[in-house]
There are 2 protein chains.
Amino acid sequence: MYLSSSLLAATTEPVETSLVVASVLLSLVVIYFASKIGGEISNRFGLPPVLGELVGGVVVGISALHLLVFPETGAESSSSLIIRFLQTTTSLTPETADSLFATQSEVITVLAELGVIILLFEIGLESNLKDLMAVGIQAVVVACVGVVVPFAAGTAGLMIFFGIPAVPAIFAGAALTATSIGITSKVLSELGRLNSREGQIILGAAVIDDILGIIVLAVVASLAKEGTVDVSQVIYLIISATAFLLGAIALGNVFNKTFVSVVDVLKTRGELVIPAFIFAFIMAYIADIIHLEAILGAFAAGLVLEETDKRKELQKQILPIADMLVPVFFVTVGAKTDLSVLNPAIPSNREGLAMAIFLITVAIIGKMVTGLTVFGQPGINRMAIGVGMIPRGEVGLVFLGIGSSIDILSKPLEAAIIMMVILTTFLAPPLLRFVFPTPESDIEEKIAAS
Amino acid sequence: MYLSSSLLAATTEPVETSLVVASVLLSLVVIYFASKIGGEISNRFGLPPVLGELVGGVVVGISALHLLVFPETGAESSSSLIIRFLQTTTSLTPETADSLFATQSEVITVLAELGVIILLFEIGLESNLKDLMAVGIQAVVVACVGVVVPFAAGTAGLMIFFGIPAVPAIFAGAALTATSIGITSKVLSELGRLNSREGQIILGAAVIDDILGIIVLAVVASLAKEGTVDVSQVIYLIISATAFLLGAIALGNVFNKTFVSVVDVLKTRGELVIPAFIFAFIMAYIADIIHLEAILGAFAAGLVLEETDKRKELQKQILPIADMLVPVFFVTVGAKTDLSVLNPAIPSNREGLAMAIFLITVAIIGKMVTGLTVFGQPGINRMAIGVGMIPRGEVGLVFLGIGSSIDILSKPLEAAIIMMVILTTFLAPPLLRFVFPTPESDIEEKIAAS
């Protein structure tokens, strides 16, 4: 017997820990089934496994089986099949079901966030700072063009063709800006192209346009809420982002020796992985609280540790940890995707369809043109760079959430933004596979070796 | 940019996800510092690292630094230094601090539970079912004696020497029964003695006395609550526990071939670790909902997979995952240990001291005698077996929690039970190290090889 605080906690907490653990274990089993079945099927068709994980998430999530649903997508505990299954197999009462549902969803959401933090740490470990710097100027150009073109074209188009007022149009245009680092880096890694010149430009540009997207978000949100732009907040964001990136790079040259000497002194289990996580989590924490994103900190930590001679061993040890936690992220993204927006029986969806087609076109073309801006890199696969920038992931949803909370987006425009996010997220992996043609056997070797 | 549901969720949830993530990252950094510093110091003194992790937990926990505290130990959000630090570094308001504190504590508690589930899965992978069966009868005897002697002596002594009424005396006696599998198996693993005959007897006996402890708990709790014993519940527990153990063993002979053939078909990342976790988590779930414990299911799953030829590869991949999650469990145990019970300025502690000395004596001698009952094993280290059964971990606290909730234990008796738990938990690792004398170099090799 061991710490079963369930009984101890019965007096102070609403839900027994053993029930929370049971619900998390079931959720993880569902997530792992969805990710493995989806990933394997996707792989058989020569597509990146992550696409299958996303689709597997959709199948178990809010749009289909309702095994894995979350309160923030409007689901209630009674609609979660896992909670209902627990009600039949345990002593869970309907009264505590709501509370259990909330806790289980929080825990899975945090595990998903840890998953994407570890994914970006791993991507950082596989990337090389010097290679990234070598294509730095191209990455900056790609990022800026990829933010400005969709933003300007999207905003102008909505105003001119659809008669949308300026503020909601700017909001929707802003939702087109930032690429999803998680999806694009995972696909590149699966295709074995992370360290190609194209891969490095995409990754660098995705990091930069993430930061640009955060700044755009701050501008647009304060514009919509207060009618003016909070200049001091924008300046704060620009300074802190710049300081963080430069600080991380500077740190890299000093800290990596310290790290190795600390690790060499340690003699007990976890002597490499624990110091690495301490460093990665502190960096993620700092990035999080200065209003950047935790994943940027984890990526920077990975880049710093890539410079050390512990790299190979660390990569090997992170592998199974990533295998355990990263699928939680992708399946959760899929599970939270509500495909009901594609249902033509709902009037606002039909009304939003024309806007959706427009936004999707701008979203894709606006990033595809970025490939054309790459200079001084003869023979580079320009189309691959453009395609790599396409997935918006859930960034659009962040804008959408803020827009909804201050009530400036019409229902059809909301539906159109959601459709754009779904399409760009799910189209990018197969398109990337297509623009990076690799002999079948070679892919398998690379996946096996990765 | 990626899924930052913080802003999206702002409309429906009280705490932003990015704040929850920040608090969990900080908690993990604290946990990792505590575990690594504690573990390394303990190791330098030739003691098992897990002792240092427990002590590290005490240092950062409720008894000292208040970095990592939990609501169930009576702490409030304002006493958590992590929450206060977040208030100074982020936009966290005092209003949402309580809610954040509750969520952060839930998440860390679940991570700790996942840690001990993975620990027992790993211990199962390192154990061998045939070796365990070979000492099965000895383990059963050790378990039964180790439950009956402390229970009978504790209950009788409290009634005779201290004039405690029958029901609370039975409660306190029951709190003396079950060994902490987590602590004892971890120490054995660190000493490289898990697969010695002594180690296998201790492990087998700990598993059996865990089940006996759960049955005793059911009996005692219904006796205290309703004045009678709920025979049907006891029969249900005995049948379900037996069916689970026999079912797991039977499954082992059939399932391991299925497992290997499934794994051999899979081609994408996580092809070994994900199916293994699906199996382990399903077993843990079943054990949890039939009122056994999740860790028993994970241990059984490890034993089954140990029979496959994927064992070595799986052990290697579980290692870093365990390194990441297991410290969360031990540091949390330490952090939840409230040493204020040892403060002589509190009257009930002074009153409880005599009872505590008595309970600790019974707790230690009651398990030490189990070593004498081992038969048919010439040359076996009887003292090591007895010592291995000593740590009660938090089992006593579970009894205590139920006793408190139905208000039958006096304050001094409560304090005495807590002191017994603390002493047996923290004494066992150094004692085990002492009764398993191993040349220093040999230990280090084994730790390094493990």
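Biologist: Which residues have the most contacts inside the largest nonpolar core?
Modeller: Bear in mind that this is a predicted model. Its largest nonpolar core has 322 residues, and those with the most contacts inside it are L25(A), A298(A), L25(B) and A298(B).

Biologist: What does A298(B) touch, leaving out residues up to four places away in sequence?
Modeller: A298(B) touches I117(B), L120(B), F121(B) and G124(B), and also A280(B), M283(B) and A284(B).

Biologist: Let's take G124(B) from there. Where is G124(B) found?
Modeller: G124(B) sits in helix α5 of chain B, which covers residues 94-126.

Biologist: Is G124(B) buried or exposed?
Modeller: G124(B) is buried, because 29 other C-beta atoms lie within 10 Å, and the cut-off for buried is 20 or more.

Biologist: And what does G124(B) touch?
Modeller: Not counting residues up to four places away in sequence, G124(B) touches A298(B), F299(B), A300(B), A301(B), G302(B), L303(B) and E306(B). As for L305(B), its C-alpha is 8.3 Å from that of G124(B) in space, while the two residues are 181 residues apart in sequence.

Biologist: Where is N128(B), and is it partly exposed or buried?
Modeller: N128(B) is in the loop between α5 and α6 (129-134) of chain B. N128(B) counts as partly exposed because it has 16 C-beta neighbours inside 10 Å.

Biologist: How far apart are N128(B) and F436(B)?
Modeller: N128(B) and F436(B) are 308 residues apart in sequence and 21 Å apart in space, C-alpha to C-alpha.

Biologist: Switching to helix packing. At what angle do α2 and α14 of chain B pack?
Modeller: Helix α2 (residues 17-44) and helix α14 (residues 311-336) of chain B pack at about 85°, and their axes are 9 Å apart. That is why α2(B) and α14(B) are described as roughly perpendicular to each other.

Biologist: Which residues make that contact?
Modeller: From α2(B) come I31(B), Y32(B), A34(B) and S35(B), and from α14(B) come P327(B), V328(B), F330(B) and V331(B). Seven residues of the contact of α2(B) with α14(B) are nonpolar, one is polar and none is charged.

Biologist: Now the two chains together. How many residues of chain B are in contact with chain A?
Modeller: There are 82 residues of chain B in contact with 83 residues of chain A. Helix α2(B) gives the largest share of chain B's side, with 16 residues. By type, the side of chain B that touches chain A divides into 47 nonpolar, 22 polar and 13 charged residues.

Biologist: How can chain B be laid on chain A?
Modeller: By a turn of 180° and a shift of 0.0 Å along the axis, with an RMSD of 0.0 Å. So the relation is that of a two-fold axis. The same surface serves both copies, as 100% of the contact residues of chain B recur in chain A.

Biologist: Last topic, the backbone. Which residues other than glycine have a positive phi?
Modeller: Among them are H66(A), with phi near 60°, and H291(B), with phi near 70°.

Biologist: Where are those two?
Modeller: H66(A) is in the loop between α3 (49-60) and α4 (81-89) of chain A. H291(B) is in the loop between α12 (273-289) and α13 (294-306) of chain B.

Biologist: Are they buried or partly exposed?
Modeller: H66(A) is partly exposed, with 17 other C-beta atoms within 10 Å. H291(B) is partly exposed too, with 18.

Conventions: Residues numbered from 1 in each chain as written. Chains lettered and ligands numbered in written order. Predicted model: local features only at pLDDT ≥ 70, side-chain atom pairs only at ≥ 80, totals over all residues. Least-squares fit on C-alpha atoms with pLDDT ≥ 70 in both. Contact = placed C-beta atoms within 7 Å. Core = buried A, V, L, I, M, F, W, Y, C linked by C-beta atoms within 7 Å. Buried ≥ 20, exposed ≤ 12 C-beta atoms within 10 Å, placed from the backbone. Helix = DSSP H or I, 4+ residues; strand = E, 2+ residues; numbered from the N terminus. Axes fitted to C-alpha atoms, helices over the stretch in contact; angles between N-to-C directions. Parallel < 35°, antiparallel > 145°, perpendicular 65-115°, else oblique. Nonpolar A, V, L, I, M, F, W, Y, C, P; charged D, E, K, R; others polar.
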